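The exercises below concern a predicted model. Work through each task before reading its solution.

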Amino acid sequence: MGERVLADRPAVSLADYAERARAVLPPDVWDYLAGGSASEVTLAANRRALDRVAVLPRVLRGVDTVDLGTHLLGRRYAMPVGVAPMAYQRLVHPDGELGLAAAAGAAGIPYLASTLGSTPIEQVTGAGADVWFQLYWLRDRALVRDLLDRVVAAGCRALVVTVDVPVLGRRPRDLRNAFRLPAEVVAANLPHGRDALAHSGAPGVSAIAAHTAASFAPALRWADLAWLREQVDLPLVVKGLLDPRDATEAVRVGADAVVVSNHGGRQLDGSPASVTMLPEVVDAVGGDCQVLLDSGIRCGTDVLRALALGAAGVLVGRPLLWALAAGGEPAARDALGLLVAELTDALTLAGCADVLAAGELRTLGVG
């Protein structure tokens with residue numbers, strides 16, 4: 001009965017989709033999506049830190065209409081939001097990556113496709129969105145080279161290198177659940193059979209962690225990033241930075257953008273909330289590259305907070321997976337429509353006619 005009530009009641013915020021997703025997903029899949037690493041301190045900190053950021057609104061600015069449009073990596077998008085890279089989206093709904101990419105395309109925003117996507121990148125780029133490909137550094141450099149060739153041939157608009165996963169963070173929920181992928185959900189961008197460990201469960205073992213431990217190269221260095229910069233003539237985004245010193249080094253090796261992120265609280269537990277480090281990273285790069293914020297974004301007000309702190313835009317992850325789980329592509333489209341409405345409302349109430357004006361607002365309480 002509770003599921004029926006949720007289905008019949010219109011969603012009026014992104015948070016509403018969390019209820020719907022939890023009602024339809026198996027408990028172990030919900031835990032995989034919702035959980036963080038270790039004691040989940042950083043997972044909780046992301047939300048608390050965002051809630052502490054107060055934006056000082058301006059008044060009597062004559063704002064009648066609001067333009068959400070912005071430029072990211074030299075391309076114009078309908079709002080300063082991208083769909084964060086998330087693995088195995090067919091785990092939550094058959095529409096999977098194709099549905100969420102199509103929703104992003106309809107909303108006029110970029111879709112970041114994961115190396116561990118459950119749909120091949122060549123199909124995802126045909127779904128209608130500008131696709132940025134997120135790369136995990138693999139032990140097999142020949143496979144990395146093959147992925148880069150496929151990314152270029154498929155028409156991806158940017159390459160996003162995730163640098164905060166030398167190993168997968170220890171995630172107790174997955175260990176307790178002995179979480180593994182169902183047979184029909186595969187790592188579609190890897191050669192057949194390369195994800196076998198992700199399907200092989202054992203008590204007290206996360207099959208996902210076992211697979212990534214066998215596949216990911218833990219000793220990624222700045223020289224590897226410089227090598228990557230030479231291989232592909234695409235905008236390069238470095239995702240997973242918190243220390244401003246790393247941001248300046250990313251600029252030195254040729255990054256066009258950096259993403260301030262703690263991986264949604266799923267890697268080093270006890271690391272700071274992403275938004276806490278955003279102002280320092282913005283100051284450190286000094287306009288030499290764009291800065292995006294990831295981890296904990298849940299509503300249009302959060303986007304405004306990030307813009308006011310100097311971000312060029314944000315990446316939204318879990319709320320869009322919740323929507324996808326709840327109702328496939330149509331629900332994902334509705335969720336992005338809600339984000340448009342929330343951001344429009346937030347900018348209007350803050351006295352901002354456009355995204356650039358949001359960057360001039362004062363904030364209080366970050367840290």
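**Exercise 1.** Sort the residues of the lining of the largest pocket into nonpolar, polar and charged, then locate the pocket and state its volume.

*Solution.*
1. The lining divides into 11 nonpolar, six polar and four charged residues.
2. These are the 21 residues that line the pocket, and V163, D164, G240, L241 and D246 lie nearest its centre.
3. Helix α10 and strand β8 (236–241) each supply at least two residues of the lining. The most comes from β8, with three residues.
4. The space in this pocket is about 420 Å³.

**Exercise 2.** Describe how helix α7 and helix α10 cross, and list the residues that meet.

*Solution.*
1. The axes of α7 (residues 141–154) and α10 (residues 222–231) come within 11 Å and cross at roughly 35°.
2. The crossing of the two helices is right-handed.
3. From α7, R141, V144, R145 and L148 meet D224, W227, L228 and Q231 of α10.
4. By class, the residues of this contact are four nonpolar, one polar and three charged.

**Exercise 3.** Determine the relative direction of helix α2 and helix α14, and characterise their contact.

*Solution.*
1. The axes of α2 (residues 14–24) and α14 (residues 318–349) come within 9 Å and cross at roughly 175°.
2. Angles over 145 degrees count as roughly antiparallel, so α2 and α14 are roughly antiparallel to each other.
3. Contact residues of α2 include L14, Y17, R20 and V24, and those of α14 include W322, D334, L338 and E342.
4. The residues of this contact divide into 15 nonpolar, no polar and three charged.

Key
Residues are numbered from 1 along each chain as its sequence is written. This is a predicted model: local features need pLDDT of at least 70, side-chain atom pairs count only at pLDDT 80 or more; totals for chains, interfaces and linings use all residues. Side-chain values use heavy atoms; hydrogens and water are left out. Axes are lines fitted to C-alpha atoms, for helices over the stretch in contact, and angles run from 0 to 180 degrees between N-to-C directions. Helices (H or I, at least four residues) and strands (E, at least two) are DSSP runs, numbered from the N terminus. A crossing is left-handed if the near helix is turned anticlockwise from the far one by less than a right angle, and right-handed if clockwise. Contact means heavy atoms within 4.5 Å. Ala, Val, Leu, Ile, Met, Phe, Trp, Tyr, Cys and Pro count as nonpolar, Asp, Glu, Lys and Arg as charged, and the others, Gly among them, as polar. On a 1 Å grid over the protein atoms alone, a cavity is a set of points where a 1.4 Å probe fits but cannot get out, and a pocket is an open set with protein on both sides within 12 Å along at least five of seven lines; lining residues have an atom within 4 Å of a point. Grid points are joined across faces, edges and corners, and a volume is the space filled by probe spheres set on the points. Angles under 35 degrees count as roughly parallel, over 145 as roughly antiparallel, 65 to 115 as roughly perpendicular and the rest as oblique.
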